[in-house]
Protein chains: 4
Amino acid sequence: MADEMEQWLSSLLRLNDEEEKMTDKQIKIIQAAVEIFAEKGYSATSTSEIAQKAGVAEGTIFRHYKTKKDLLISIVTPIMSKLVAPFVLRDFHKVLESEYEHFEDFLRAVMRNRLEFGMKNAPIIKIMLHEIPFHPELQSQFREQIVPKVAQRLERIVEHFQANGELIDMPPMTVMRMGASVIIGYILTRCIINPENSWNDEEEIERAVQFIMHGLTPVRG
Amino acid sequence: MADEMEQWLSSLLRLNDEEEKMTDKQIKIIQAAVEIFAEKGYSATSTSEIAQKAGVAEGTIFRHYKTKKDLLISIVTPIMSKLVAPFVLRDFHKVLESEYEHFEDFLRAVMRNRLEFGMKNAPIIKIMLHEIPFHPELQSQFREQIVPKVAQRLERIVEHFQANGELIDMPPMTVMRMGASVIIGYILTRCIINPENSWNDEEEIERAVQFIMHGLTPVRG
Amino acid sequence: MADEMEQWLSSLLRLNDEEEKMTDKQIKIIQAAVEIFAEKGYSATSTSEIAQKAGVAEGTIFRHYKTKKDLLISIVTPIMSKLVAPFVLRDFHKVLESEYEHFEDFLRAVMRNRLEFGMKNAPIIKIMLHEIPFHPELQSQFREQIVPKVAQRLERIVEHFQANGELIDMPPMTVMRMGASVIIGYILTRCIINPENSWNDEEEIERAVQFIMHGLTPVRG
Amino acid sequence: MADEMEQWLSSLLRLNDEEEKMTDKQIKIIQAAVEIFAEKGYSATSTSEIAQKAGVAEGTIFRHYKTKKDLLISIVTPIMSKLVAPFVLRDFHKVLESEYEHFEDFLRAVMRNRLEFGMKNAPIIKIMLHEIPFHPELQSQFREQIVPKVAQRLERIVEHFQANGELIDMPPMTVMRMGASVIIGYILTRCIINPENSWNDEEEIERAVQFIMHGLTPVRG
DNA sequence: CATGAATGAGGTTTCATTCAT
DNA sequence: TATGAATGAAACCTCATTCAT
């Protein structure tokens, strides 16, 4: 179990598997940092605390990460990529056309997939959400590398289904924002704000999809 | 302008106007703290920085607020109350029945009102969102004082309009969550995430209301 | 009771009654200071604490005593005088000759008298003992004003009773030190170190006197 | 000389010699702290002053002692043990019976031994005397760990020599208190109150012993 | 590569003292 | 005279970072 976790973490933190392996201590450092950053916030976490929880000497942290902020960036940067990975596939366009006949199907697929991702990565996502606004490096990375790519892809999808007649005729940005609000609203509530609730995910996903499609007004015969 | 700001801030920070006035220096301290907390986060802000920006001696801060955390709480607590004030009016039920014939009207009113509130209080709301997860005092206040009151009120409204036949038959909690996602999603994007955009608020509100009512599917004749 | 205390305190703190009266607030300040200095030590006591306990504003303390150390000196100086007052009476010599036929009588009188004094002034004496070593002003006052006067008087008494044949032939300084050790040892134990014990003072005084006279060896027929 | 001092200090501060060595800096910190605490009192001493005199960074103090009070306790605790060590030997009873035929011999041995100890440790003893009353941790340690052990031992000795007929029949506690007053009175005067005097220790010890045995009354043929 | 003692800048907080009211 | 808000120096302590081992 712990092994699996380590493998997964280490895979998460490298963008492609060609890159150099993390040492055992590095993994422990990252695990400890993620846990404490998520609990207390980056600024309120001391490197000595991380070292202690990781079971390494304080100096060891700085052998692997030049500064404390470096450590943060090493944690947040990969999650940003993974967060939007499904929308950045090179052959995304084809996938879409072949795989999702209806917008509903696409919505369902996205919600399921990103919910699973959210549940696996809740602490790191929490860190990301809290720290992006306070660190220009992260902000610019987010605004310049992540947002445009995703926006572009989603815009095409929306336009595709608008041309289709399946989606309402409205600025794609607005359509995206409203759809995203519902999806993100659920995932954050589910994974970060209220994870201790007992959730029936399939049901909630279905309702969200129906809501996005038809709103809150009862469907008339 | 500055005067107006001071008046408004001082009114915001007292729950009822009978309470004693804040001194001039106190207001400056709060203003400075709000600004820097919003910019860098509570933990990354030093009291000396606040003192400098407020134009007071560092000791003066601690004459008015026993600790730095006290200062944070003095800022965040009142905003939580004001944030949900419209839902906690004693005669809310009547207001609802008499004022909003349709759910749409209610949505529009809420969005306009809370958007205005968000634009006035963006920095404090940003602070609140960032710090609630890290401060048990704030968390418990939020979960115990704020959430239940609002949830109760909204639940009644939803049930009212469900009985009415205007709203879909679905667990009120879920209905609320989805509606709230759209509204909050817009307000946060508008006021905090992307305030520098040029927004056509009336148009966006109208679209959001329509989305909440009918979803993204084109309305059929 | 409180009134009596005030009167007594105010009388203690003036060397002669011709001097100006203390105001009501001054008395409260001194009372509070004595209490807290005795409990926590001079350095560890803050003027704000004193002000609070005295029920006056912080500024008021500094209206009456230029500095915190001034306040300490105003408390300790008079007690030093009073502590040795019995040995500094102008007509002490006569008193001695007429009043105490035997050294024993003198010992008993001194012990009773200074014990009573110690019980009345325990907190101030404690302050004096703790602070004299750390404040040159107090030290010099003690070494120059107090010690020589008392030493001189006691020396004469010892010499008087040595001439008498009642006291052993030994350097008067040494005789004094040993006698004083026993008396002071009892009074400090009784009043400051272990006041909560139940003590039978008359008995202990008698034993101490007998010890000073005859030591610990059983008296032989 | 300095080396010897260091060795001795480091031996004093460990209760048993198996425990880990103090670092060079730690010793310097303790030495500096002892010196300044003795001169100005604990509360009036700043950690920066200690650091400066010790020739280390202020932070270094806090790497070795979590708080300033920790540093005090690390200084005072061992001296309390050493102070009473001679009375807490496991085979003390035998030692007594075999070594000291008469009470006088015991007195002389104790006075010599503890005087030597007092001269070596004057500053630390001064600190101990001043700080015990103000620090509950020290107080309880003293009252619970130190006092009872010594009292018990001394009581037995007194009873032993009372049974012997060498000592007067009086409550052992009182006998002890009076004897101790004389011994402690001398040692404190000699080592702390008036060390700059030129003292003839052997003579004074002899006189004190004679005083304790026979009091101040001339011995009659 | 790993360690952890050492650093010194900077953090929050306290405090004696001043001064306008 | 009495007040208490304001001060700023200095208190204790933490921290990210370095470097000799």
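Tutor: For the classes used below, Ala, Val, Leu, Ile, Met, Phe, Trp, Tyr, Cys and Pro count as nonpolar, Asp, Glu, Lys and Arg as charged, and the others, Gly among them, as polar. On that basis, the surface near DNA strand F comprises 6 nonpolar, 16 polar and 8 charged residues. The model is a predicted one.

The surface near DNA strand F may be taken up first. DNA strand F is surrounded by 30 residues, and the closest of them are A:Thr47, B:Thr60, B:His64, C:Thr60 and D:Thr47. Of the atoms of DNA strand F that lie within 4 Å of the protein, 61% belong to sugar or phosphate, while the rest belong to bases. In chain B, a polar side-chain atom of B:His64 is found 2.7 Å from a phosphate oxygen of DNA strand F. In chain C, a backbone N or O atom of C:Ala57 is 3.3 Å from a phosphate oxygen of DNA strand F. The elements that contribute two or more residues to the surface near DNA strand F are helix 4 (58-64) of chain A, helix 4 (58-64) of chain B, helix 4 (58-64) of chain C, and both helix 3 (47-54) and helix 4 (58-64) of chain D.

Sugar and phosphate make up 61% of the atoms of DNA strand E that come within 4 Å of the protein. By class, the residues of the surface near DNA strand E are 6 nonpolar, 16 polar and 8 charged. A backbone N or O atom of C:Thr47 lies 2.6 Å from a phosphate oxygen of DNA strand E. For D:Ala57, a polar backbone atom is 3.1 Å from a phosphate oxygen of DNA strand E. A base is approached as well: a polar side-chain atom of D:Arg63 lies 2.9 Å from a base nitrogen of DNA strand E. Two or more residues are given to the surface near DNA strand E by helix 4 of chain A, helix 3 (47-54) and helix 4 of chain B, helix 4 of chain C, and helix 4 of chain D.

An unreviewed UniProt entry lists residues 46-65 of chain A as "DNA-binding region". This span is 75% helix and 0% strand, and its end C-alpha atoms are 14 Å apart. Of the 221 residues in chain A, 47% are buried.

Chain D is superposed on chain C by a rotation of 180° with 0.0 Å of shift along its axis, at an RMSD of 0.1 Å. The two copies are therefore related as by a two-fold rotation axis. In chain D, the C-alpha nearest the axis is that of D:Gly215, 1.9 Å from it. Moreover, 100% of the interface residues of chain D are also interface residues in chain C, so the copies meet through the same surface.

Notes:
Residues are numbered from 1 along each chain as its sequence is written. Chains are lettered from A and ligands numbered from 1 in the order in which they are written. This is a predicted model: local features need pLDDT of at least 70, side-chain atom pairs count only at pLDDT 80 or more; totals for chains, interfaces and linings use all residues. Side-chain values use heavy atoms; hydrogens and water are left out. Copies are superposed by least squares on the C-alpha atoms of residues with pLDDT of at least 70 in both. Contact means heavy atoms within 4.5 Å. UniProt positions are given in the numbering used here, feature names are shortened, and annotations may be inferred rather than shown by experiment. Helices (H or I, at least four residues) and strands (E, at least two) are DSSP runs, numbered from the N terminus. A residue is near a molecule or strand if one of its heavy atoms lies within 4 Å of it. A polar contact is a pair of N or O atoms within 3.5 Å; within protein, one must be able to donate a hydrogen and the other to accept it, and residues adjacent in sequence count only if both atoms are side-chain atoms. Buried means under 20% relative accessible area, exposed over 50%, partly exposed in between (1.4 Å probe, protein chains only).
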